[in-house]
Amino acid sequence: MSDPQEAGGTQQLPAVEQEKGAGADLDQSASAAAYRPHPTLTPDDEGDGAGRFWSRRRVPAALLALLLLGGSGLLLYDVVAVRADHPAMRWRRELARELSERPLDDTAVLVGAAVAAVLGLWLVVLAATPGLRSVLPMRRGHADVRAGLDRGAAAMVLRDRALDVAGVRSVRVRMKRSKVDVRAVSHFRELDDVRGDLDTALADGIHKLGLGKQPALSVRVARPGRKG
């Protein structure tokens, strides 16, 4: 009796059982575990310390200048009129009477004081903060040259780089002054592998943007949601 393998010329391969944990990662819906991000700036660039751009605040400054000019001119005219033996203007007499007769706990007095305090606080904040939050300062190659990059343009550049990574279906990039928040959707490949490639590509992209300060990088990758 002949051996079946010699008669047919073919050999049946043994079945290999798949380990229970082999396909577990494919069911992973998101990948955002802690990992060591790639540095976005080199040690030579970190000491640049480019400061933020200051807004000129043209509109608030113009409104305040017009208000002060009008009030000063009206008060000066009234003072000159009184010095010339003319009666004081009606608004000045009414104001003096109101200030002498109206109590401090009156509603109109409290509302006026609150409005004046809010306006004063607003002016102090404008004077003490740089503004122009949408402009990111870039590294200064020359002492007398400063450059800035729009946050929307920077986010668009990083989004294009993220879409070039294999497995990325869609991506959303939020560019902040101190952090780059990336949310990507991957329809194939292991999510941890996609996240690692995104981390490398985006860290290199942030470095090539030439920013003056190193922003933190946060990357999260998830599977597309199920329809229905």
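**Notes on surface, salt bridges and backbone**

1. Leu74 is partly exposed, its relative accessible area being 38%, where buried stands for under 20%, exposed for over 50% and partly exposed for what lies in between, computed with a 1.4 Å probe on protein chains only. The model is a predicted one, in which local features need pLDDT of at least 70 and side-chain atom pairs count only at pLDDT 80 or more, while totals for chains, interfaces and linings use all residues. Residues are numbered from 1 along each chain as its sequence is written, and side-chain values use heavy atoms, with hydrogens and water left out.

2. The protein chain has a secondary structure of 7 helices and 6 strands, these being DSSP runs numbered from the N terminus (helices: H or I, at least four residues; strands: E, at least two). Read from the N terminus, the order of elements is α-β-α-α-α-α-β-β-α-β-β-α-β. Of the 228 residues in the protein chain, 21% are buried.

3. Leu74, which is placed in helix α3, contributes to a nonpolar surface patch of about 530 Å² together with Leu75, Val79, Trp91, Leu95 and Leu99. The elements that give two or more residues to this patch are α3 (58-83) and α4 (90-101). Patches are made of residues with over 30% relative accessible area and no salt bridge, joining like charges within 9 Å and nonpolar side chains (Val, Leu, Ile, Met, Phe, Trp, Tyr) within 5 Å; the accessible areas come from the Shrake-Rupley method with a 1.4 Å probe, and for residues only the protein chains shown count as cover.

4. A positive surface patch is formed by Arg172, Arg174, Lys176 and Lys179, with Lys and Arg counted as positive, Asp and Glu as negative, and His and the chain ends not counted. Arg172 lies in strand β4 (residues 168-175) and is partly exposed at a relative accessible area of 45%. Val173, also found in strand β4, counts as buried at 14% relative accessibility, and its C-alpha atom is separated by 9.4 Å from that of Val219, 46 residues apart along the chain.

5. How many salt bridges does the rule give? The count comes to 10 salt bridges, each defined as a side-chain nitrogen of Lys or Arg within 4 Å of a carboxyl oxygen of Asp or Glu. Glu94, Arg97, Glu98, Glu101, Arg102 and Asp106 are linked in a network of such bridges. Within it, the side chains of Arg97 and Glu101 meet at 3.3 Å, N to O, and both residues lie in helix α4, 4 residues apart, about one turn of the helix. Arg97 counts as partly exposed at 36% relative accessibility, whereas Glu101 counts as exposed at 53%.

6. Helix α7 (residues 191-209) has 19 residues and reaches 26 Å from its first C-alpha to its last, close to the 27 Å expected at 1.5 Å a residue, the expected span being 1.5 Å times one less than the number of residues. Its buried residues are Leu191, Val194, Arg195, Leu198, Asp199, Ala201, Leu202, Ala203, Gly205, Ile206 and Leu209. Just after α7, Gly210 takes a positive phi of about 75°.

7. Which salt bridges does Asp204 make? The side chains of Asp204 and Arg161 meet in a salt bridge at 2.9 Å, N to O. Asp204 lies in helix α7 and Arg161 in helix α6 (residues 151-163), so the pair ties together parts that are 43 residues apart in sequence. Asp204 also forms a salt bridge with Lys208, the closest N and O atoms being 3.4 Å apart, and this pair lies in helix α7, 4 residues apart, about one turn of the helix. Asp204 counts as partly exposed at 31% relative accessibility, Arg161 is partly exposed at 27%, and Lys208 is exposed at 59%.

8. Two backbone angles may deserve a look, given that most residues other than glycine have a negative phi. Asp85, in the loop between α3 and α4, has a positive phi of about 65° although it is not a glycine, and counts as exposed at 73% relative accessibility. Arg189, found in the loop between β5 (179-186) and α7, has a positive phi near 75° and counts as partly exposed at 30% relative accessibility.

How values were computed
The place of a charge is taken as NZ of Lys, CZ of Arg, CG of Asp or CD of Glu.
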